Amino acid sequence: MKNPLLGLSFSLSSVLFTQVLAGLPSDKIYGVNLGSWLVLEPWMLPQEWLNMGGESCANCADCIATESAFAKAYPTIVDEKFAEHWNTWFTESHVDQFVEAGINTVRVPLGYWIVEALVNRPAEAFPRGGLKYLRMGLNWLKQAGIKAILDHHALPGVQTPGQQFTGNCTTDVQFYTPDNYHRALVWTVVMTSLAHLDPNFGSVFAIEAVNEPIMNATQTPDYGEFQKNFVRTVRAVEYTLGIPVPGTPSGYSTSSKNFTAALGDSCSPSLCNAQVSAAMRDAIPILLQIAYEYDLEDECTSSSFQSGQTSLVTNFMDINWQYNNPSNPADAAIGPQGYDNHLYYSFGGVANATQEAYLTSVCNLQRIQNDAALSNSPLWFGEWGLSTQPAVNATDDFLCKWADAQKWAYSKGAGWIYWNFKTEISSLTNGTALARQWSYLEGVKEGFLTKDPSAYHDPNVCAQYITTSP
């Protein structure tokens, strides 16, 4: 999620849609992001960040304004400070509020450093210990019946310049290189394995490959091949586990009774090219260490690891996120796959800064149809909110309409996931001024968002604004 302080009917009743949403409590995603939990963005909690020892500046590269900068500035206390944050920013009481609000899905932004062995220390520095809290939070969600998407939000080498959400605010973007693609694939092996083997991960139904890559596809070399390798990696782990996936070889067998050892066995050439094989091999010692630290040794060494589970949904930002002849993530699909689009009017470039222009724009939104024409379906809107440009008069009445209209438009696809579940309320955020447009829970409290996420204040909110044919 970019720092805001810087600056029609469509049917999805296909078999693929059913596969992708298998296990959800309804046929639509109604979700929230757990932003600023395991990938901290100081603009969302400015007072807490200062209290921790962070700094605020106009250019996030110029001060202690990211997790990486904090870890380098405070190497002896970074883990302690972030443990306090992880323990308080998202709690079980929030899960109870999600249940009360009808939320059925949570998107969990993660940095690559959640897998600590992937951090190239001392050149790179990030807080350690986040996996403990991820496991705890996912278990709460599982107990509540809420599904989870693991979102690789901050990639090794940084995937987008000048953003807090990458964990390292820099213009030196290095993700789109062989070494960092490799680290991302190792991360994928680890997360896929945990999603299937760790009981705490039982709520996970999807893994998102890359959050918000650079939009100009000429600046993301070999990204299309990485997309294919990401899917191959997920499916290769599932193939090893004996999980059936449409489009993958069947009848896998191994003499090994040890999952991590089986990862090192040869697998189908259709899945395990050199890049995938290398990622599988390099993930083995990492998984063994995690198994030891979190008492998962039985899960990783039991002879019953080949069990009948459901394949994960692979998830990408949609093709239309990029321009200049981007790769199509649909070309990478093997088995169930979903697509993610993010839409914020507050950054400009979408509609004129008036209430009428906003409502006319979103009520005539064609992104779902345009993506479907390129096989990017089902599509959900993984980030959106009630934020507006300063010139828009964001009255309470307008925010009710703005919420209804966006929900109506996005629900024509697979659903939506609001950014964010909460933001700080303090003097530095002018009380609830930030939260009223960025916090889902505050939006429900103030009445802008309905307590039933599938409901509307006015189900005909878009009627007078529709100018396009369905």
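Predicted model: local features only at pLDDT ≥ 70, side-chain atom pairs only at ≥ 80, totals over all residues.

Let's start with strand E2 (105-111), where Thr 105, Arg 107, Pro 109 and Gly 111 point one way, Val 106, Val 108 and Leu 110 point the other way, and all are buried. Here buried means under 20% relative accessible area, exposed means over 50%, and partly exposed is in between, with a 1.4 Å probe and protein chains only. With 7 of its 7 residues buried, E2 is largely enclosed by the rest of the structure.

Residues are numbered from 1 along each chain as its sequence is written, and side-chain values use heavy atoms, with hydrogens and water left out.

So what sits on either side of E2? Strand E1 (residues 29-33) runs parallel to E2 and is joined to it by 3 bridges; two strands count as paired if DSSP finds at least two bridges between them. Gly 31 has Thr 105 in E2 as its bridge partner. Thr 105 also has a bridge partner in E3, namely Lys 147, and Val 106 stands opposite Ala 148 in E3. Altogether, E2 and E3 pair in the parallel sense over 7 bridges.

Strand E3 (residues 147-154) goes on to pair with strand E4 (residues 204-208), again in the parallel sense, over 4 bridges. In this pairing, Asp 151 stands opposite Glu 208 in E4. E3 is mostly covered, with 7 of its 8 residues buried.

Now step back to the whole ring of strands. There are 8 of them, closing into a barrel in the order E1-E2-E3-E4-E5-E6-E7-E8, with parallel pairing. From one strand to the next, the twist averages 25°. Helix H6 packs on the sheet and touches E2, E3 and E4, and its direction makes about 175° with that of E2. Contact here means heavy atoms within 4.5 Å, and axes are lines fitted to C-alpha atoms, for helices over the stretch in contact, with angles running from 0 to 180 degrees between N-to-C directions.

Next, the aromatic rings. The structure holds 38 aromatic pairs. Rings of Phe, Tyr and Trp (its six-membered ring) pair if their centres lie within 6.5 Å; planes under 30 degrees apart count as stacked, over 60 as edge-to-face, and the rest as tilted. Take Tyr 112 and Phe 126: their ring centres are 5.5 Å apart and their planes meet at 80°, so this pair is edge-to-face. Both lie in the loop between E2 and helix H6 (130-144), so the pair ties together parts that are 14 residues apart in sequence. Tyr 112 and Phe 126 are both buried.

Phe 398 and Trp 402 give you a stacked pair, with 6.0 Å from centre to centre and 15° between the planes. They are 4 residues apart in helix H14 (residues 396-410), which means about one helical turn separates them. Phe 398 is buried at 1% relative accessibility, and Trp 402 is buried at 0%. Another helix comes in here: the buried residues of H12 pack against H14. In H12 (residues 355-363), those buried residues include Ala 357, Tyr 358 and Leu 359.

Lys 407 lies over the face of Tyr 456, 5.5 Å from the ring centre, and Lys 422 lies over the face of Trp 89, 4.2 Å from the ring centre. For a charge to sit over a ring, NZ of Lys or CZ of Arg has to be within 6 Å of the ring centre and within 35 degrees of the ring normal.

Finally, look at Gln 322, in the loop between strand E5 (313-317) and strand E6 (337-342). At 9% relative accessibility, Gln 322 is buried. Leaving aside neighbours within four places in sequence, Gln 322 is in contact with several residues, including Ile 214, Asn 216 and Tyr 223. A polar atom of the Gln 322 side chain lies 2.7 Å from the backbone oxygen of Ile 214.

Key
Helix = DSSP H or I, 4+ residues; strand = E, 2+ residues; numbered from the N terminus. Polar contact = N/O pair within 3.5 Å; in protein donor to acceptor, adjacent residues only side chain to side chain.
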